[in-house]
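The sequence and structure come first.

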Amino acid sequence: MDIEFPFDGDDDDRTVATDLADVAESLLAVDTVEAIQDLCMDLVPRVLPSRAFGIYLFGDSPGRTPLAAAEGVSERFLTLYEELGRHQDPVLRTLEQRRRPTHSSRLMSENTWTESPFFRDVARLHDMRMVLEAPIIERGHVVGTLNFADNDRLALASPAEIAVAGALGRLVGVAVTEVARREAARAVQDDLWAALDLSSEATVILDLATGQRQVNAAARALLGRVGISEPTLWLTGLIEAGGPGRDADAGMRQTFVLDVRLDGVSRHLQVQSCVTDRGGARRVVALLELLPAAPGVAALPDHLASQLSAREREIAALAVAGLQDQQIAEKLFLSRYTVKQYLKTTYRKLGIRSRLELTRAALTGEPADDGPRPTTPEQP
């Protein structure tokens, strides 16, 4: 935003510049229009003191109600301005046409001002001989005004003071625009989540920075069926154990296959996850699916499974289910070589030499007859 001020660079000008910077910093930190209004009422009069000050947001934008706050005037004045003054106000009409801060003394003489319908019906209540209004602009439209008034006709009439009023109006306009953008983004996000919650795809979203988790209805129902009472905590632990921390690369994919029992029947719970990055916000999106276990195949008994790491058990279960090395690699986003090394370690720990013996161990609970020995797995 380029704003030029006819300042001379003296100490007072530097103080005003500092005050404007403080206002800008404070305005951009708020997230509601009501907070902007409160902040203006607190900070703006410190920058440009006057007998009366107010902020008025028209409420012309969709979904926005009019907001007004003022100090130095009575409730009777505010009522009269809303009923009569807004339509009679010559300063406001000129401001809307020019889209620039407007001072009443620049529009007409004092006699013309005091004889105007606006002064007669509204401003005379507090003998307002001066009105300065600065536009609040959102996306190219005047959506409100900052209003200064005084009994002194020439108060705040210097070019520098009028320029400061314009700068304040622009800063408020930037803040209003940013709040509107955030509100629109939140509305879209809420709509998308409502749609996702209706989806039959069991989905979980984990924010890696904040730890916030969203679990849709399908995912809650699925995890509830397999006896997981705290699904968000369970999934967080599962994903973090698998590797993607706060610094996970966008696009990182993982697949977990867990053995579960449902109504006494062995099933596979498959969790496919992917790390996304939108504007620096990293999230893990996970899809859950309950799959039938391979016919006639059982998971490794506990006394054998306890000898293996989590990844070794996962790969062993897929091998027992009949998947070849390349299929396992594609499913788990690993290299074929890595799968072969995991199987080699599994065979050594269990004292077996082939997939056939691994399947036999899964079915019977017994490893090879001659006990553990280092071997090389069979060639696929």
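Arg-139 is exposed, with a relative accessible area of 52%. The model is a predicted one, and in it Arg-139 has a positive phi of about 50 degrees although this residue is not a glycine. Arg-139 sits in the loop that runs between strands E4 and E5.

**Backbone geometry**
- Asp-127 is another residue other than glycine with a positive phi, in this case near 50 degrees.
- The loop between helix H7 (117-121) and E4 holds Asp-127.
- Asp-127 is partly exposed, and its relative accessible area is 32%.

**Overall make-up**
- The protein has 380 residues, and 42% of them are buried.
- Its secondary structure consists of 15 helices and 10 strands.
- Among contacts with a separation of 6 or more, 58% are between residues 24 or more positions apart.
- The accessible surface is about 19900 Å², and carbon and sulfur atoms account for 50% of that area.

**Nonpolar cores**
- The largest nonpolar core contains 39 residues, and Leu-27, Ile-36, Leu-146, Phe-148, Leu-168 and Val-172 have the most contacts inside it.
- Two or more residues of this core come from each of helix H1 (11-27), helix H2 (33-47), strand E1 (52-57), strand E2 (67-71), strand E4 (130-138), strand E5 (141-150) and helix H8.
- The biggest contribution to this core is that of H8, which gives 10 residues.
- A separate core of 21 residues lies apart from this one, and its members include Leu-304, Ala-305, Leu-343 and Ala-362.
- What is in contact with Leu-146, leaving aside its neighbours within four places in sequence? The partners are Phe-53, Gly-54, Ile-55, Leu-132, Glu-133, Ala-134, Ile-136, Leu-168, Gly-169 and Val-172.
- Two of these partners, Leu-168 and Val-172, are also listed with Leu-146 among the residues that have the most contacts inside the largest core.

**Largest pocket**
- The space in the largest pocket amounts to about 550 Å³.
- This pocket is lined by 15 residues, of which Gln-189, Trp-193, Ile-205, Gln-214 and Arg-283 are the closest to its centre.
- By residue class, the lining of the largest pocket comprises 7 nonpolar, 5 polar and 3 charged residues.
- Which elements each supply at least two residues of this lining? They are helix H8 (159-198), strand E6 (202-207), strand E9 (265-278) and strand E10 (281-292).

Note on methods. Residues numbered from 1 in each chain as written. Predicted model: local features only at pLDDT ≥ 70, side-chain atom pairs only at ≥ 80, totals over all residues. Heavy atoms only, no water. 1 Å grid on protein atoms, 1.4 Å probe; cavity = no way out; pocket = protein on both sides within 12 Å on 5 of 7 lines; lining within 4 Å. Points joined across faces, edges and corners; volume = space filled by probe spheres on them. Helix = DSSP H or I, 4+ residues; strand = E, 2+ residues; numbered from the N terminus. Nonpolar A, V, L, I, M, F, W, Y, C, P; charged D, E, K, R; others polar. Buried < 20%, exposed > 50% of the residue type's maximum accessible area, 1.4 Å probe, protein only. Contact = heavy atoms within 4.5 Å. Areas by Shrake-Rupley, 256 points an atom, 1.4 Å probe, with all protein chains shown as cover. Core = buried A, V, L, I, M, F, W, Y, C linked by side-chain atoms within 4.5 Å.
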